[in-house]
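Good morning, and thank you for making time for this presentation.

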Amino acid sequence: MKTIIEPFRIKMVEPIKLTTREQREQSIKAAHYNPFLMRAEDVIIDLLTDSGTSAMSAKAWGAMMQGDESYAGARSWYRFRDTVKDIFGFEQVIPTHQGRAAEHILFSVMVDAKSIVPNNTHFDTTRANIEFCGGKAIDLPCTEADDLDSSYPFKGNMDIAALEKLVAKEGAERIPLIMVTVTNNSGGGQPVSMANIREISRVAKDAGIPFYIDACRFAENAHFIKQREPEFKNTPTIDIAREMFGYADGCTMSAKKDAFANIGGFLCTNEAELAHRERNILILTEGFPTYGGLAGRDLEAIAVGLREILDEHYLDYRLFSTRYVVEYLRDSGIPVVAPAGGHAVYLDARRFLPHIEPLQYPGQSLAVELYLEAGIRGIEIGTVMFGADPHTGEEHPARLDLVRLAIPRRVYTQSHMDYVLEAINLVWERRSDIRGMRIVRAPKFLRHFTAHFEWITS
Ligand SMILES: Cc1ncc(COP(=O)(O)O)c(C=O)c1O
């Protein structure tokens, strides 16, 4: 069969509240034109994030009923730990309530004011946690990532020459770890090749620097490797994932992505002494090392989700459904990051709204317009998110101005995606009338979550 179907049936549904344009105008104004500040009920198709928004399976819900809520040494902990070890292969597993808690603990023990941490592209919480510990977060995306149209298959790769140059210039003493984010969320959800992971590992090993993977979307990345890197076309995706982590010294993970869980995360390392220090912080901030901020039922759900996410029929469907949207947009001449990534569609707001300067936040304007048009909630990934130095407050245009439409796992059907495409088309047709925005109020760190905006009138 040529038609790729959702490889699941739906047996529980949630109604969507349909709204009028007038209602949406009031809702977004009340939220100060920041989609993060809206009531979710006022959204028709919620593409704010794929994080924690997945539909869990009957099996995962069933496992939750078996959660062992003992404070220490719960059965659910051992199930969780053994599953993580089996797939990720690290010796030490530290459960956290979500990905950023794992990052915070990792950087608290490894990063100080002299530190520089390179990554293909840091996600916002990763960057903010490094900066919070006094360090400097550096993005080294491959040069192919700049060409949003090219069909280069691994635009999530790190620029190895730039990494080698950085290591030679700064020295291993200033670089406590090298990270790579799979898939590269802030760089368009693009995958990282196994060849690139091997090269990063080589540079790290030669310099004696630990190599960590930000593993949030590891299964999508592994399946892209299967589809796009000829060496792996007959390798089971789970073995590709195991090989990816085999090159690393540790990882951070948000189970809210590629584990189908609504909450959860973990931090892994092979070093017992480092893990000991990390667990001391864990006890202070998250909880006892056998639950780390999670209920026993959450540990159960994650253990099931980590297996389900590696189902290749699911991954075929997942990558296909994102490609379906991207290819339609591309064929319609609407600027979109190509080729399709795994978890999201990224509209290129700078080219969609070329008359709006980066410092007037074209991505924010486009996100607001999509909501006004059809109740679709996406987010800006661009100058609002990355354009301010938290220490000096100075602003600069980000490398890209994108609107991310993240697709929750197993939640929306093809007709929902057709509705989204129709809405994007309608906004595209009236794009020259769309204005830029200004920030009225914003905090120093992670400003995009809570900033208030208004339209520029002149
Ligand atoms: C690449 C990446 N790293 C880290 C995180 C942080 O994870 P969490 O939201 O669970 O704290 C995210 C969340 O979206 C992410 O996409």
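Helices (H or I, at least four residues) and strands (E, at least two) are DSSP runs, numbered from the N terminus.

Two remarks on the source. This is a predicted model, in which local features need pLDDT of at least 70 and side-chain atom pairs count only at pLDDT 80 or more, while totals for chains, interfaces and linings use all residues. Residues are numbered from 1 along each chain as its sequence is written, and side-chain values use heavy atoms, with hydrogens and water left out.

Two strands pair if DSSP finds at least two bridges between them. Within the sheet, β7 (residues 250-254) and β8 (residues 265-269) pair in the antiparallel sense over five bridges, and Ser 254 stands opposite Gly 265 in β8.

Next, the aromatic pairs, of which the structure holds 18. Rings of Phe, Tyr and Trp (its six-membered ring) pair if their centres lie within 6.5 Å; planes under 30 degrees apart count as stacked, over 60 as edge-to-face and the rest as tilted. Phe 8 and Tyr 317 form an edge-to-face pair, 5.5 Å centre to centre with 80 degrees between the planes. Phe 8 lies in the segment before α1 (21-30) and Tyr 317 in helix α12 (residues 312-331), so the pair ties together parts that are 309 residues apart in sequence.

On a 1 Å grid over the protein atoms alone, a cavity is a set of points where a 1.4 Å probe fits but cannot get out, and a pocket is an open set with protein on both sides within 12 Å along at least five of seven lines; lining residues have an atom within 4 Å of a point. Grid points are joined across faces, edges and corners, and a volume is the space filled by probe spheres set on the points.

The largest pocket holds about 1,400 Å³ of space. Among its 34 lining residues, Met 12, Glu 14, Ala 55, Arg 410 and Val 411 are the closest to its centre. The second largest pocket holds about 680 Å³, and α5 (124-132), β4 (136-139) and α15 (383-386) each supply at least two residues of its lining.

How many cavities of 30 Å³ or more does a search of the whole structure find? The search finds one. The largest cavity has a volume of about 60 Å³, and its lining includes Asn 34, Phe 36 and His 448.

Finally, the backbone. Most residues other than glycine have a negative phi, and most peptide bonds are trans. A cis peptide bond joins Val 182 and Thr 183, with omega about -20 degrees; Thr 183 lies in the loop between β5 and α7 (194-207). The bond from Ala 338 to Pro 339 is also cis, with omega near -5 degrees.
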